[in-house]
Amino acid sequence: MKTHAATALMFLLALAFGTSAVQADEAALKLMQESHKAYYYASEGGSARVTMEIVDKKGRARERVFWMIRTDVEDMGDQRYYTHFIKPADVRRTALVVHKKAEGNDDRWLYVPALDLVRRIAANDSRSSFVGSDFTYEDVSGRLPSMDDHKIIGPDSAMGKAATKVRSTPKDDGTAEYEYRYTWVDDETKLPIKEEYVDKKGETIRRFEIEQIVVIEGFPTATVRTMHVIDDGQTTIRFDEVTYEAPLDAGRYNERLLKNPPPEFTK
Amino acid sequence: MTQGKHAMVNFAVNHPKVIVAVSIIITLGLMIPIPFAQIDTDPENMLEQNERVRVIHDQIKEEFSLYDHLVVGFVDEEKPLTQEFIDKLGLLVEEIEEMEGVVAEDVMAPSTVDDIYRTPDDILVVDRLTADRQGYETDVPVAEKIADNPILQGKLGSADGHVIAVYVPLEKKTYAHDVAESVRDEISTLGITANVHIAGLPVAEETFGKEMFKQMGISAPLAGLLIFLLMLVFFKRFSVVTAPMIIAVMTVVWTMGLLVLFGFTVHIMSSMIPIFLMPIAVLDSIHVLSEFHDRYQKSKSQRVAILSTIDELFKPMLFTTVTTIVGFSSLMLAAIPPVRVFGAFVAIGVLIAWLLSVTFNPAYAVLLPKRVLTNFGRQDEGRSLLGRLLPRAGRFAARARVPVLIFTLVLFAIAAFGITKIQVNDNPTKWFKESHPIRIADNVLGSHLAGTYMAYLEFDATDTETKSVKNPETLRLMDGLQDHLAMLPQVGSTTGITDIVKKVRFELKDGDSAAAIIPDSPEEIAQELFLYETSGGDPDDLFKFITPDGGKAVLWLQMNDGDNRAVDEVVQTANTYLEQNNDISNLGFEWGGLTYINVVWQEKMVVGMLEALLGSFIIVTIMMTLLLRSFSLGIMSMVPLTLTIAVVYGAVGLIGKPYDMPIAVLSALTLGLSIDFAIHFLKRGQEIYKKRKSLPETMNELFDEPARAITRNIVVIALGFVPLLFSVLVPYITVGSFFLAIMALSGFATLIILPALVNLRGERAFRMWGVKYAHPHKTTSQTESEKEMVS
């Protein structure tokens, strides 16, 4: 509540005293960076068993279960991700290593167990689906706040919690598949508890919601998240067995990891 | 006052104004519902809504999110299409996605489809086809990218880069025409200079519907006008000739009004009802006019002339009406709903036309001012061209009866040979003339691309042991079938989940073309598809070929020939292949796609029409025997009809014109119309014979007024429908030619072959059961039937 009030006060001050818009934008950027850190950079890494349910427009559901582990190379900078698939059965042991870069394109390698082959892949981060779900790669690994112009709309509430509504517009519209988005930053945890992606015509095309927040090892963690694609399908991901004790050294995210995963992540 | 034999006719003559007033009121009343008519131009509706093939077709479309689509093709004959064009095309596609009725997310264009490739650093990428390829100095031209991709080649463009196509999926087929128009507008707004062709069955079907109503507005009234002018030539009095036209118009209005009132849609079939009813309605009236025309000068009384005319014609008119009704009612047995509606309402219309002929006609005749009729019919009296020629024809037929019969038999033999050559075939695109833009689009895109006709073959593994198609056995069966079908010239391309698996495998194995095969393990298949999704491929693209749970897959068959025969050959070839090569128990196969639906309804149509024709042929033979009360005459009366049908369909076979939907339906018209002249000729022959009791005298009288009426009918109907021959729609041309052929053939058969047969049979020819014929030269007392005539 305290932060909420502070934000509101700052916002009012900005209006009342005609403080330059630049300062207001800086406040917005700062808030988004805080949120980005809370959501993508909690601790220095961690792992979770993720269950993903992809439901298409016709209500047909597919389930994916995978382990996801992360190690931050640098706070708010480069990261390493490892994803190891458990289900569906026929893709078991398929695995993905991502070197997320703060600047430039991410590097990705996919391991195809049936061929015992590692292949580097590239996809358009902002547009490409993350393993066939309604989330994009960018939704999963994060979009740098510095890529957008942010503006605080004001105090609001979302998912039953007090939040600050921020409007973010991509600086280069070639980097996004939407015109702008709204983020409701939870005043308490700073997690982006709700997001709405709006297209050129002003219509909402996607809506993201955090349905459950659990504090794990001192870190507020979004354990249930859903991405709705308006007039289409939706994907819900649930995080279990979450821990923030970074299990792997950043240097281990390589081809060897793909071919010989630590046994605790293959169950 | 003189009274006729029939109460209905007497009433009309006694209360002419009542008849006219009631007719006008009914006409105005039944005009009201017509503007509310529901138009239906969908050939799919040739089948019942719950017909299996339609249910399966809809199910396949639903499961794989497939839609009927337009194909918009851009062609530059001189040089490959430029990058500038591709950029403009991207803008066009954005506009198309905004159009009403377009399924935006499924528009297939260079700017919307995905491409799989490897960068120079061997990174596997799935990205938009129009996006620059990562890691390359200069981008690869779009045409080359298309040619490299087995999933896209032939569909999205030609390998030489001269042709690029956009596939526009439609929420419903009914949007086809409007979307096509909007696309054309947008193309000119954007200044795209390439030649544009828009093809695809939905646009052909929709445009046909629109054209059809245009044609109805032009051809039908034009035919009416011509019929009117021809009658004016024969009967010379404007106000007299107006009567048949009024009857024709009223018949059409009443029938169509009732059709709409009963809640039926105006389908391609029922839109032809007015064209069918017009000649039938006019036919009876011409007999009445013709007779009235020849009798008026004898009595100088409208009342006497019209009553004796109707008395003379009542039976033949009733008989022809009943036989025509039987002919068209037989269509109600067909398995095709629009054909049933068509048959029923033409039959109703025929009844209405008859009713008006025996009531409105006399009422109108009585109401005509006397001065109009001064000199009416006088100039004729045997001195006209017809008056001089026809008796000669009669004498010729009597003299040359044996050669005439031999000629007839030869004609039958040729016709029978022709019938064996008939090719059952149809293609809604070919309902347009060769020069129509839709046909041109079809030809151009069919020759440059894989084709614009799509069929779908679903592989259903839900009941198999693995419950999935994602295994080597099923995919190899599909892959083998694809190779097998590729040998047919009409198959432009086939696409299935197999192609995606093979393409991913090919790229995974560093572009080794030997690797582009279906792998040995189900896991590898699953992982390759997974790789496609993981490296940026849109999962929805996969689900156009396979269901998310992998239980079913669908093979797309793109054909450059939409003729039912061509499609049927593909279906048969595929079914045979699957029968011989499928070892997986309980693997199911189902066909879908508009082209396939067309094949199914046409089969039903051909069989149904043949059955209807045979059925009504037998019924009409029995009816004629009973009506004419003579077995030999009953059989004879069928000769003109049989000859007409045989020669018309023999000619269809000989000239190689495909036996299509319009031709099948016209068999009912042939049956209904070509018996008419025979009835008039033979029935009136019997009536005359009762009085004259001499065959030569009867024949002489028959070749007077009755023959003239028949000849006038032949000329009026045959020439009246000549405007249809200039239509842009082939079915209308067919109908026009059929009218000409039916009139000419059945007229010839009635005026030449029938007299020959009658003469061959001799004096007994016109005798009826149950009537005593005293020897013509020995008695002067009247027979009972003659007393009846005079009363």
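Two residues are in contact if their C-beta atoms, placed from the backbone, lie within 7 Å. Axes are lines fitted to C-alpha atoms, for helices over the stretch in contact, and angles run from 0 to 180 degrees between N-to-C directions. Helices (H or I, at least four residues) and strands (E, at least two) are DSSP runs, numbered from the N terminus. The model is predicted: local features need pLDDT of at least 70, side-chain atom pairs count only at pLDDT 80 or more, and totals for chains, interfaces and linings use all residues. Residues are numbered from 1 along each chain as its sequence is written, and chains are lettered from A and ligands numbered from 1 in the order in which they are written.

**View 1. Helix α19 of chain B against four strands.** Helix α19 (residues 564-581) of chain B lies across β8, β9, β10 and β11 of chain B. The helix runs at about 140 degrees to β10(B).

**View 2. The open sheet of chain B.** Four strands, in the order β9-β10-β8-β11 (chain B), form an open sheet with antiparallel pairing; strands pair if DSSP finds at least two bridges between them. At the edges stand β9 (491-495) and β11 (588-592) of chain B, each with a single partner strand, so one side of each has no neighbour in the sheet. From one strand to the next the twist averages 20 degrees. Strand β8 (residues 453-460) of chain B is joined by eight bridges to the antiparallel strand β10 (residues 552-559) of chain B. Opposite Met454(B) stands Gln558(B) in β10(B).

**View 3. Helix α16 of chain B.** This helix (residues 497-508) has twelve residues and reaches 16 Å from its first C-alpha to its last, close to the expected 16 Å (1.5 Å times one less than the number of residues). Ten of the twelve residues of α16(B) are buried, that is, with 20 or more other C-beta atoms within 10 Å of their own. Among them are Ile497(B), Val501(B) and Leu508(B). Just after α16(B), Asp510(B) takes a positive phi of about 60 degrees.

**View 4. Leu356(B) in helix α11.** Leu356(B) lies in helix α11 (residues 337-367) of chain B. Leu356(B) is buried because 25 other C-beta atoms lie within 10 Å. Leaving aside neighbours within four places in sequence, Leu356(B) is in contact with Ser23(B), Ile247(B), Met250(B) and Thr251(B).
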